[in-house]
Amino acid sequence: MANKEEIIEKLIKGEIKLHQIESYTGNVQEAIEVRRGFAEQVAGSSLTHLSQYSLDLPEALKRNIENPIGTVQIPVGLAGPLHLNGKYAQGTYYVPLATSEGALVASINRGCSVTREVGGANVRIIDDKMTRAPVIQTESVTEALKLKEWIERHFIELKEAAESTTRHGRLLKIDPVIVVGRYVYPRFTFTTGDSMGMNMVTIATDKAMDILTRETGAHVLALSSNLCVDKKPSVLNLIEGRGKTVTADIIIPREIVEKKLKTTPESIMEVNIAKNLIGSAIAGSIGFNAQYANMIAALFLATGQDAAHVVEGSLGITTAEVKDGDLYFSVTLPDLPLATIGGGTRLETAQDCLNILGVAGSGKVNKFAEIVGGTVLAGELSLMGALAAGHLARAHKELGRG
């Protein structure tokens, strides 16, 4: 076995590649240290903090990371108690949030205090699905239309093929099936249980495409066509939903709005219309909300979700109304890809945070989805209150700048 310095020298000269180091060291942990030593040469400085972690990186190497050199640390704060009256999440929860944005945890914490004051926010899952949409190339628009009709007629065969690859996934529908010239875009829609399910539905759709190509002779150009729509902002996902579709609402008596949020129901309603609705419309925004992405990102990073799905979780609509003198406030999140098993949830720090919420493991993803919805409501409510009261800049000056 070559020593560390010799391997680093070979890396610098380009004689070996990063993914080949294990074959030189014969040990995963030593390979991590060699790779980090090489990165220190590239950086021209010591990477002390990247090297300090409690994660089992050799284990993570099997499924979660390639060419590891260490970990990035993000501060985790706790907000709560968050009071929820959900179907699956009933009671009080303390929410771990990974962020480096000063004032964010304090803001969410203030929103949580409002939920406590009024006896809880309501939260429900409206829908649950995961999608994959291949693109299929035919000879002409005529053949494309024939293929579209074939897919619609043979749903059962495609369903059986897809579901043969998984114990948990179920194909609900193939819709829409869009034709553009000679290209056909069928959107496969599944339920995936406690897993977020992207890998699951990819493998299942691939199996269905085997049947299609054998029976029709059509050419599957790519297994993902962007009609899925995965990890991108999309009106289709805003309307149709993807992952969990969650909505949460709360009625806050006027005196609590004035005491806790230092403003009035009328002011919050007016800011919501001007900012989240009209302001978003003139910007051409898909998300008609103030800051869903803040809560989604902090929760996703803490609990081992796929961070790229923050772009989907940021979609949604906030409503605020004056109802009998009190404030009615709601958030609707149509596109929340979530998991409590698999993927990044296996990492030790993610398990710790999922355990704080009481949602680690199988059978817990619906509870987790309702907690995410409630957390978004708390953070959104607090920010809208701060904007209506004119306190936003002051809060960031005091908490964000220390």
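How many residues does helix H8 have, and how far does H8 reach from its first C-alpha to its last? Select residues 198–216 to find out: H8 has 19 residues and reaches 26 Å, close to the 27 Å expected at 1.5 Å a residue. Keep in mind as you go that this is a predicted model.

Stay on H8 and colour its buried residues: Met198, Met200, Val201, Ala204, Thr205, Ala208, Met209, Ile211 and Leu212. Now look down the axis of H8; these buried residues fall within an arc of 160°, so they line one face of the helix. Turn to the other side of H8, and you will find Asn199, Ile203 and Arg214 exposed. Just after H8, pick Gly217, which takes a positive phi of about 80°.

To see where they meet, show Leu158, Ala161 and Ala162 from H7 together with Ala204, Lys207, Ala208, Ile211 and Leu212 from H8.

For the last stop, select helix H12 (residues 292–303) and helix H15 (residues 365–389). Their axes come within 8 Å and cross at roughly 140°, so H12 and H15 are oblique to each other. H12 passes H15 in a right-handed crossing. On the H12 side, display Tyr292, Met295, Ile296, Leu299 and Thr303; on the H15 side, their contact partners are Phe368, Val372, Thr375, Val376, Gly379 and Glu380.

How values were computed: Residues are numbered from 1 along each chain as its sequence is written. This is a predicted model: local features need pLDDT of at least 70, side-chain atom pairs count only at pLDDT 80 or more; totals for chains, interfaces and linings use all residues. Side-chain values use heavy atoms; hydrogens and water are left out. Helices (H or I, at least four residues) and strands (E, at least two) are DSSP runs, numbered from the N terminus. The expected span of a helix is 1.5 Å times one less than its number of residues. Buried means under 20% relative accessible area, exposed over 50%, partly exposed in between (1.4 Å probe, protein chains only). The arc is that of the directions from the helix axis to the C-beta atoms. Axes are lines fitted to C-alpha atoms, for helices over the stretch in contact, and angles run from 0 to 180 degrees between N-to-C directions. Angles under 35 degrees count as roughly parallel, over 145 as roughly antiparallel, 65 to 115 as roughly perpendicular and the rest as oblique. A crossing is left-handed if the near helix is turned anticlockwise from the far one by less than a right angle, and right-handed if clockwise. Contact means heavy atoms within 4.5 Å.
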